[in-house]
Number of protein chains: 2
Amino acid sequence: MTLMPNTRRSGKTPHRRPTIKDVARQAGLSLSTVSLVINQSGYVSEETRSRVLRVVKELGYHPSRVARGLASKTSGNIGFILSDDHFSSAEPFYTRIFLGTEFEARNHNFYILLTTVGNQFREDSSIPRFLLEGNVDGVIIAGKISARLVEYIEGIGLPIVLVDYELPGKRLSSVLIDNRKGAHLAVEHLARLGHRRIGFIGGDMQHPSIAERYKAYLETLDDLGLPRDERLAVTDEPDTRRENGASAFRVLRARGGRPTAIFAANDAMAIGCLQVARQQGMRIPDDLAIVGFDDVESATHVDPPLTTIRVFKEEMGTLAMQRLVHAVKTKTQTIVNTYVPVELIVRASTVKQQPASPEVAGTAEGLD
Amino acid sequence: MTLMPNTRRSGKTPHRRPTIKDVARQAGLSLSTVSLVINQSGYVSEETRSRVLRVVKELGYHPSRVARGLASKTSGNIGFILSDDHFSSAEPFYTRIFLGTEFEARNHNFYILLTTVGNQFREDSSIPRFLLEGNVDGVIIAGKISARLVEYIEGIGLPIVLVDYELPGKRLSSVLIDNRKGAHLAVEHLARLGHRRIGFIGGDMQHPSIAERYKAYLETLDDLGLPRDERLAVTDEPDTRRENGASAFRVLRARGGRPTAIFAANDAMAIGCLQVARQQGMRIPDDLAIVGFDDVESATHVDPPLTTIRVFKEEMGTLAMQRLVHAVKTKTQTIVNTYVPVELIVRASTVKQQPASPEVAGTAEGLD
DNA sequence: CCGTACCATTGAAACGCTTCGATACTTCTC
DNA sequence: GAGAAGTATCGAAGCGTTTCAATGGTACGG
């Protein structure tokens, strides 16, 4: 392939892309034969195959995605749906998942069309354009989503993979966090450090992930023989942002709960909580130990760094895309629920660290 | 529009999308008339217009993007090209720019196809697939890019907008950072604080932005009557990541430079520098004041928070997309260089702050 | 040596839309 | 009152592929 597309041209004339017709003519074959070679389907003799390939190279031919799409009823695109509130607030959690899907999409020669939808299904207006226009071959949905939208997509007959969400009663593939294990690790870690009054702060309990974390928190308390204390759990925050973590902790204190440790539904809330606690003069972890969940970027930047449950976000995206691409290519949707493992990451918000030489920490992989 | 696409169906049968033909038949008009209504072009009587629109609504018709693409030679997509090294390392600087373009693309009913390319033009293999397949109507390029790739795209006749990059000698629209002003603000700020030995650390001087920042640093020293001291500037780091900031500062010290303040080419390097300085027992800002550039997220999380030059990253993306969409729609490429303003953000890495009540800081807008 | 099966190639329809030229009817304009 | 200009609609070609039925050739088994 030369520098200029097709053959060299003098700047002005925008070059015409060669079509399959040009290849056929040049190779002295029919359109269909050329198509067969390109799609590696059907019978083609070795000789004509190589002849076609040679001409293809000579002409710098590449099939038009759009034409191919029309003829084959495929778009080569995957839709990625994210709910509004996840999109422009809070920690870059779903960003990471998205990144994972991006990488994997590239491996399979798909492009991703990204969109957001409101939380409540606003009928017509909230249906992603790429669905209306038939511009995707499958859909990945990250986070909480309206069941009606999911039904709509099923109605179209597109394969779906959910990430960090389940729809009870629906038979769908999901890639999920092992929330039970994570919560268990967190609480157990605190218990092992000697804590007996371990609080929980959470919000948005509609979200299965959050609900699970809370439930597993309670169960782990039971398992460890620690008492459940209602005053130590604040679960009615509407959201899981930092502010809500802060206010949840204030509520907890106001209410007379005296926890020595807090397990937060996610890092954002943990950080909010941590900041309020310090503001109130508490020393972390001496007066209050804190564990988060997710291991987002800022967990390492906060002071003291946050002990948390690591979630492999990119991997979740990768897995989801793999499942989806498989479904798209084979046109068979097998329902699989995949749980990605979690890890306890111990930092200074629960265990006093020796003043280890502060390394020059890099940043994790990101879109840049 | 009902919940199910088209008309209600019993789960199994994947519904057939209505086509323009169905609309035409149902409305008792020709295809072309329906098309005219939908595209709001040509003459259509008010009566038939509304008749068509009614039928469209009844049937839940939406034109197929792919078919429309083939007929009109447009794809409805914008390509976003990012260089490899920007993609998966360092601070989320270009991520922000990308987010800006995403939002704006949505406003204009475009989707973005994202890809990365290697630094050196590896001939054929490094040409983004969406270009080969004719699957985009225009291209945004963020950061440093091979001139040959740009020429290739020009050859295809696609409009281009560069972001945070210029190609000397090429007539292209760019959205640029006001690096000169930023560097000036930074150095001036330090000088005003009484610093006279102000160092510079940088890397990847090929990048026009970095080069400009360095140049403006030198010029501002002159303007302020401060001496240029070779030992105070390290510019030969290959890259601008944290590690390089750290090593640049070590080099500077090893070389006997004794700056009281450092202006770093970007926040990543500033942070690396800051961490090494603290490690060496220096107090920030007393023994060493540091100013970065870009105002990335972690600038606020680092201890002490980093004084820096804020760059409006989302806005750069938005602007670039606006320019590009305009070029695509009007099919006229007018060359405009846009400089987005910068701001000095003073934090504790240069000026000791009163121990202000640590607010519960939210995170800035992000893909989640 | 004929029927079958496999291999290789082809022509034509189809995918769902845009667009251009043609037609025909109105309404101006002088 | 005739030609020009504007308005409304339509038929058909075309966009660049895929796909399927059809055709013909070759080899093979009985």
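The following legends describe close-up views of a predicted model.

**View 1. Residues of chains A and B around DNA strand C.** DNA strand C has 29 residues around it, and those that come nearest are A:S32, B:T19, B:I20, B:A67 and B:A71. By class, this surface consists of 15 nonpolar, 12 polar and 2 charged residues.

**View 2. Helices that supply the surface near DNA strand C.** From chain A, helix 2 (31-39) and helix 4 (65-72) each provide at least two residues. From chain B, at least two residues each are provided by helix 1 (20-27), helix 2 (31-39) and helix 4 (65-72).

**View 3. Residues of chains A and B around DNA strand D.** Among the 29 residues around DNA strand D, the nearest are A:I20, A:S35, A:A67, A:A71 and B:S32. The surface near DNA strand D comprises 15 nonpolar, 12 polar and 2 charged residues.

**View 4. Helices that supply the surface near DNA strand D.** The largest share of the surface near DNA strand D is that of helix 2 of chain A, at 6 residues.

**View 5. A:C273 in the largest nonpolar core.** This core holds 184 residues, of which A:C273 and B:C273 touch the most other members. When neighbours within four places in sequence are set aside, the contacts of A:C273 are A:I201, A:G245, A:A246, A:A248, A:F249, A:I262, A:A264 and A:I290.

Methods: Residues are numbered from 1 along each chain as its sequence is written. Chains are lettered from A and ligands numbered from 1 in the order in which they are written. This is a predicted model: local features need pLDDT of at least 70, side-chain atom pairs count only at pLDDT 80 or more; totals for chains, interfaces and linings use all residues. A residue is near a molecule or strand if its C-beta atom, placed from the backbone, lies within 6 Å of it. Helices (H or I, at least four residues) and strands (E, at least two) are DSSP runs, numbered from the N terminus. Ala, Val, Leu, Ile, Met, Phe, Trp, Tyr, Cys and Pro count as nonpolar, Asp, Glu, Lys and Arg as charged, and the others, Gly among them, as polar. A nonpolar core is a set of buried Ala, Val, Leu, Ile, Met, Phe, Trp, Tyr and Cys residues joined through C-beta atoms within 7 Å. A residue is buried if 20 or more other C-beta atoms lie within 10 Å of its own, exposed if 12 or fewer, and partly exposed in between; C-beta atoms are placed from the backbone. Two residues are in contact if their C-beta atoms, placed from the backbone, lie within 7 Å.
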